[in-house]
Amino acid sequence: MECKITRDRLPAYQDGEMAEAVARNVEEHLTICHACRKADLELKEAWYKLGTWEDDDPPEKIRMEVLSRITKQRKMRWVKIVIPVAAALLIIVGLTLRFTDLEHEKQTQMPLPAAPLQLSAEHSDFDEDELIADLHVLQDEEFYDTLEELVKIDYLPLIDGPQQMERDRKRSSLEVTLT
Amino acid sequence: MRWIMVFVLISSFLLLQAGYAFADEARMSRNKLIWESMSAEEKKRVIQNYREWKTSAPERKERIMRNYREFNGLSLEEQQRLKERYRQYKSLGPAGRDRVKNRLDRIDALPADNRLEAEKRYARDREMPAHERMQHLKRSRFWEDLSEEEREIFKKLIFIDN
């Protein structure tokens with residue numbers, strides 16, 4: 001456990017970015033622990049090597065390959081956005097055109113019969129679209145207006161006065177007693 | 001996760017709106033087809049209804065729409081029975097219809113208790129076979145009060161399925 005803590009603290013210890021008391025603890029541990037001392041040396045060596053590393057230009061072929069990959073990835077990112085948007089737009093435009101065509105076909109292929117034209121001339125004061133919108137009700141308007149009364153007819157034979165109802169109850173209880 | 005929820009909510013809302021729009025569109029197309037296949041006479045009758053409808057009080061419109069919805073919620077058998085009753089009712093002529101209306105006014109004047117009792121009886125009555133219902137009807141005070149002519153009228157209206 002002590003070793004793990006010490007090794008975690010090694011970079012800060014080497015950079016001198018550590019509180020004095022903590023740095024003393026690390027130093028004490030390094031004097032008694034061979035493995036941690038070795039890790040300390042290896043880290044120092046790595047830093048030294050990094051400092052002497054020379055910046056070499058990569059071979060032209062690799063550089064071009066990396067650059068082309070980056071450009072390709074950037075393009076792909078745009079394609080990923082553009083394709084779904086374009087597809088959605090195409091669908092919307094397609095559907096709109098299809099419905100417009102259908103409406104156009106309906107209007108051009110179905111000439112109005114003679115009778116409605118006569119009717120329109122006779123009844124010029126009505127809005128045909130409004131009428132068609134409510135046609136399902138207007139067709140049987142009178143029937144729907146009478147519906148409550150039609151249903152009520154079923155109740156007529158059943159609305160005897162309280163005396164009759166009492167008589168019925170007595171009669172049924174008498175029948176039960178007799179049986 | 002939050003974005004998925006937002007997406008699902010917006011999609012559901014849009015789908016619902018699209019559903020309503022589609023149902024409206026389908027009803028409109030169906031109505032248009034019916035309208036175009038109607039004879040000139042039928043169209044005149046519907047236009048007359050439309051004019052009455054336009055000038056009707058909002059309460060009447062509301063009642064008609066409510067009845068339309070209730071009628072469409074009934075079973076096919078019940079719908080046919082009411083349509084047939086309506087046909088009989090129409091064939092009675094103004095005098096016959098007035099007689100029926102006078103009798104129906106009694107129901108509106110009923111106290112709540114009696115009305116409830118009548119509804120319970122109605123539920124029981126619907127379960128009975130036709131001949132038993134006829135017996136039951138003949139025993140009722142309502143039947144006793146009717147004239148011969150009225151009895152003929154109500155037989156037609158009540159025993160549609162015979």
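This is a predicted model: local features need pLDDT of at least 70, side-chain atom pairs count only at pLDDT 80 or more; totals for chains, interfaces and linings use all residues.
In chain A, nine helices and zero strands were found, and the order of elements from the N terminus is α-α-α-α-α-α-α-α-α. Chain B likewise contains nine helices and zero strands, and its pattern along the sequence reads α-α-α-α-α-α-α-α-α. Burial was computed for each chain. Of the 179 residues of chain A, 11% count as buried; for chain B, the corresponding value is 8% of 162 residues. From its first C-alpha to its last, α3(A) reaches 27 Å, close to the 27 Å expected at 1.5 Å a residue.

The contact between the chains draws on 36 residues of chain A and 40 residues of chain B. On the side of chain A that touches chain B, two or more residues each are given by α5 (114–122), α6 (128–133), α7 (135–138), α8 (141–152) and α9 (162–178). Of these elements, α8(A) provides the largest share, with 10 residues. By class, this side of chain A comprises 21 nonpolar, seven polar and eight charged residues.

Helix α8(A) packs against two helices of chain B. With α3(B), residues 58–73, it forms an angle of about 85°, and the two axes lie 8 Å apart. Because angles of 65 to 115 degrees count as roughly perpendicular, α8(A) is roughly perpendicular to α3(B). In this pairing, E141(A), Y144(A), D145(A), L147(A) and E148(A) of α8(A) meet I64(B), N67(B), Y68(B) and F71(B) of α3(B). The residues of this contact divide into five nonpolar, one polar and three charged.

The packing of α8(A) with α4(B), residues 76–91, has an angle of about 95° and an axis separation of 10 Å. This angle makes α8(A) roughly perpendicular to α4(B) as well. Here F143(A), T146(A), L147(A) and L150(A) in α8(A) meet L82(B), R85(B), Y86(B) and Y89(B) in α4(B). Six nonpolar residues, one polar residue and one charged residue make up the contact of α8(A) with α4(B).

L147(A) takes part in the contact with α3(B) and in the contact with α4(B). When neighbours within four places in sequence are left aside, the residues in contact with L147(A) are N67(B), F71(B) and L82(B). In α3(B), N67(B) and F71(B) are among the residues that meet α8(A), whereas L82(B) belongs to α4(B).

Nonpolar side chains tend to be buried together in soluble globular proteins. In the present model, the largest nonpolar core has 19 residues, and those with the most contacts inside it are L131(A), L135(A), L138(A), Y144(A), L147(A), L150(A) and V46(B). At least two residues of this core are supplied by each of α6, α7 and α8 of chain A and by each of α2 (40–55) and α4 (76–91) of chain B. The largest share, four residues, comes from α8(A). This helix therefore supplies the largest share both of the core and of the side of chain A that touches chain B, and is roughly perpendicular to α3(B) and to α4(B).

Terms used:
Residues are numbered from 1 along each chain as its sequence is written. Chains are lettered from A and ligands numbered from 1 in the order in which they are written. Two residues are in contact if their C-beta atoms, placed from the backbone, lie within 7 Å. Ala, Val, Leu, Ile, Met, Phe, Trp, Tyr, Cys and Pro count as nonpolar, Asp, Glu, Lys and Arg as charged, and the others, Gly among them, as polar. The expected span of a helix is 1.5 Å times one less than its number of residues. A residue is buried if 20 or more other C-beta atoms lie within 10 Å of its own, exposed if 12 or fewer, and partly exposed in between; C-beta atoms are placed from the backbone. A nonpolar core is a set of buried Ala, Val, Leu, Ile, Met, Phe, Trp, Tyr and Cys residues joined through C-beta atoms within 7 Å. Axes are lines fitted to C-alpha atoms, for helices over the stretch in contact, and angles run from 0 to 180 degrees between N-to-C directions. Angles under 35 degrees count as roughly parallel, over 145 as roughly antiparallel, 65 to 115 as roughly perpendicular and the rest as oblique.
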